[in-house]
Amino acid sequence: MTDPYGAGDGERRPSLTYRLVVTVLTLGAVLAAMWVIEILDTAVLDHRLEGGGIHPRRLDGIDGILWAPILHGGFTHLLSNTVPFAVLGLLVMGHGRTTWWKVTCLVTFAGGGLVWLLGGAG
């Protein structure tokens with residue numbers, strides 16, 4: 001079985017403290033980016049970025065699948081996503097950063113694709 005943190009045969013595995021710090025910093029950076037984007041969208045851009053989200057069953061809204069994870073419909077929406085993202089991200093990151101990126105991309109594209117395909121008109 002391969003080590004999710006890159007230690008191969010004869011290599012020293014990073015300490016638990018190091019892995020925890022990398023995990024917290026990675027998740028913290030992603031969450032901080034989401035909050036900064038929402039603050040700028042609210043305070044400076046008058047919520048114009050929200051229009052870049054998913055628009056179900058419209059070709060001009062399919063690119064919103066890519067942007068949806070970082071765009072939120074206000075601070076209540078962002079706050080309701082912050083805790084689950086942090087907790088689930090921490091659990092998945094325990095299997096390694098590569099696994100976390102794969103799961104994040106899968107959830108983004110599968111979930112966003114289903115919203116685009118099945119979502120109602122907003």
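This is a predicted model: local features need pLDDT of at least 70, side-chain atom pairs count only at pLDDT 80 or more; totals for chains, interfaces and linings use all residues.
**View 1. The crossing of H3 and H4.** The axes of H3 and H4 cross at roughly 130° and come within 8 Å. On the H3 side, Phe85, Gly89, Val92 and Met93 take part, and they meet Arg97, Thr99, Trp100 and Val103 in H4.

**View 2. Helix H3 along its length.** H3 covers residues 75–93, which is 19 residues. From its first C-alpha to its last, H3 reaches 25 Å, close to the 27 Å expected at 1.5 Å a residue. Leu78, Thr82, Gly89 and Met93 of H3 are buried. Helix H1 (16–43) and helix H4 (97–118) are among the elements that cover these buried residues. An α-helix has 3.6 residues a turn, so residues three or four places apart point the same way.

**View 3. Helix H1 along its length.** H1 has 28 residues, and the span from its first C-alpha to its last is 40 Å, close to the 40 Å expected at 1.5 Å a residue. The buried residues in H1 are Arg19, Val22, Thr23, Thr26, Leu27, Leu31, Met34, Glu38 and Asp41. These buried residues pack against H3 and H4.

**View 4. H1 packed on H3.** The axes of H1 and H3 are 10 Å apart, and the two helices pack at an angle of about 165°. H1 and H3 are therefore roughly antiparallel to each other, the term used for angles over 145 degrees. The crossing of H1 past H3 is right-handed. From H1, the contact is made by Thr23, Thr26, Leu27, Val30, Leu31, Met34, Trp35, Glu38, Ile39 and Thr42. From H3, the contact is made by Phe75, Leu78, Leu79, Thr82, Phe85, Ala86, Gly89, Leu90 and Met93.

View 5. Aspartate 41 is placed in helix H1. Aspartate 41 counts as buried because its relative accessibility is 2%, and buried means under 20%. The side chain of aspartate 41 reaches the backbone nitrogen of leucine 49 at 2.9 Å. Leaving out residues up to four places away in sequence, aspartate 41 touches Asp46, His47, Arg48, Leu49 and Glu50. The C-alpha atom of aspartate 41 is separated by 9.4 Å from that of histidine 72, and the two residues are 31 residues apart along the chain.

View 6. Histidine 72 lies in the loop between helix H2 (64–67) and H3. With a relative accessible area of 5%, histidine 72 is buried. A polar contact of 3.3 Å joins the side chain of histidine 72 to the side chain of asparagine 81. Not counting residues up to four places away in sequence, histidine 72 touches Met34, Glu38, Glu50, His77, Leu78 and Asn81.

**View 7. Threonine 108 in H4.** Threonine 108 has its place in helix H4. Its relative accessibility is 16%, so threonine 108 counts as buried. The side chain of threonine 108 reaches the backbone oxygen of threonine 104 at 2.7 Å. Ile65, Pro69 and Gly113 are touched by threonine 108, not counting residues up to four places away in sequence.

Technical notes. Residues are numbered from 1 along each chain as its sequence is written. Side-chain values use heavy atoms; hydrogens and water are left out. Helices (H or I, at least four residues) and strands (E, at least two) are DSSP runs, numbered from the N terminus. The expected span of a helix is 1.5 Å times one less than its number of residues. Buried means under 20% relative accessible area, exposed over 50%, partly exposed in between (1.4 Å probe, protein chains only). Contact means heavy atoms within 4.5 Å. A polar contact is a pair of N or O atoms within 3.5 Å; within protein, one must be able to donate a hydrogen and the other to accept it, and residues adjacent in sequence count only if both atoms are side-chain atoms. Axes are lines fitted to C-alpha atoms, for helices over the stretch in contact, and angles run from 0 to 180 degrees between N-to-C directions. Angles under 35 degrees count as roughly parallel, over 145 as roughly antiparallel, 65 to 115 as roughly perpendicular and the rest as oblique. A crossing is left-handed if the near helix is turned anticlockwise from the far one by less than a right angle, and right-handed if clockwise.
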